[in-house]
Amino acid sequence: MVFDSNNHVVGVFNTDNRGLIDFSAVLVPGRYTIRETRPAPGYSRDDVPRTVDFIAGRVVEIVWENWPIAGQIQIQKVYGDDNQHNGLPAGSPLAGAVFEIFEARTGNLVDRIMSNDRGMAVSRPLPIRKVCCA
């Protein structure tokens, strides 16, 4: 979304498949503020508006950094009962448990994690979508 120096909306524009917008046929020289209103699907929006001076015949590069929206799965594995082999009580952390995380729609394996000595198993950052664990 582009705003003029009086903060009036000049227009809403979309980048092309290279991430570019050519304003030369649309904007007259002047100062403009540009704000990202909708990032590409699966990416966070950069909320910082950029103010630029538009001068005919000059190319101005403005960079917005969008990060993939991701989350992590964290599992704590503990003994369910008192462990007769090592004397640890129920609820003690259990290391070495392996979990596989699958994308629910495709069934593709997206991560394999193992619990550490604190019983914690943490996935890498995963794109936000439905997953299931086995």
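Is Arg31 buried, partly exposed or exposed, and what is its relative accessible area? Arg31 is partly exposed, with a relative accessible area of 48%. On this scale, buried means under 20% relative accessible area, exposed means over 50%, and partly exposed lies in between, with a 1.4 Å probe and protein chains only.

The model is predicted: local features need pLDDT of at least 70, side-chain atom pairs count only at pLDDT 80 or more, and totals for chains, interfaces and linings use all residues. Residues are numbered from 1 along each chain as its sequence is written, and side-chain values use heavy atoms, with hydrogens and water left out.

## Sheet

An open sheet of four strands runs in the order β2-β1-β3-β4, with antiparallel pairing. Its edge strands, β2 and β4, each pair on one side only. Strands here are DSSP runs of E with at least two residues, helices are runs of H or I with at least four residues, and both are numbered from the N terminus. Two strands pair if DSSP finds at least two bridges between them.

β3 and β4 run antiparallel and are joined by five bridges. Ile34 has Arg50 in β4 as its bridge partner, and Arg31 stands opposite Asp53 in β4.

## Salt bridges

Side chains of opposite charge can pair when their charged atoms come close. The criterion is a side-chain nitrogen of Lys or Arg within 4 Å of a carboxyl oxygen of Asp or Glu. A search of the whole structure finds five salt bridges; the table includes three of them.

| Asp16 | Arg18 | 3.1 Å |

Asp53 is partly exposed, at 38% relative accessibility. In the pair of Asp46 and Arg50, both residues are buried. For the remaining pair in the table, Asp16 is partly exposed with a relative accessible area of 30%, whereas Arg18 counts as exposed at 61%.

## Aromatic pairs

The structure holds two aromatic pairs. Phe13 and Phe23 are edge-to-face, at 5.0 Å centre to centre and 90° between the planes. Both Phe13 and Phe23 lie in the loop between β2 (9-11) and β3 (30-34), ten residues apart. Phe13 is partly exposed at 23% relative accessibility, and Phe23 is buried with a relative accessible area of 14%.

The other pair is Tyr32 and Phe54, whose ring centres are 6.5 Å apart and whose planes stand at 80°, so the pair is edge-to-face. Tyr32 is in strand β3 and Phe54 in strand β4 (residues 50-54), 22 residues apart. Tyr32 is buried at a relative accessible area of 6%, and Phe54 is buried at 16%. Rings of Phe, Tyr and Trp (its six-membered ring) pair if their centres lie within 6.5 Å; planes under 30 degrees apart count as stacked, over 60 as edge-to-face and the rest as tilted.

## Largest pocket

Rolling a probe the size of a water molecule over the atoms shows where empty space is left. The largest pocket holds about 1,000 Å³ of space. A pocket is an open set of points on a 1 Å grid over the protein atoms alone, with protein on both sides within 12 Å along at least five of seven lines; a cavity is a set of points where a 1.4 Å probe fits but cannot get out, and lining residues have an atom within 4 Å of a point. Grid points are joined across faces, edges and corners, and the volume is the space filled by probe spheres set on the points.

The lining comprises 33 residues, of which Thr15, Gly19, Leu20, Ile21 and Phe23 lie nearest the centre of the pocket. β3 and β4 are the elements that give two or more residues to this lining, and β4 gives the most, with three residues. The lining divides into 19 nonpolar, seven polar and seven charged residues. Here Ala, Val, Leu, Ile, Met, Phe, Trp, Tyr, Cys and Pro count as nonpolar, Asp, Glu, Lys and Arg as charged, and the others, Gly among them, as polar.
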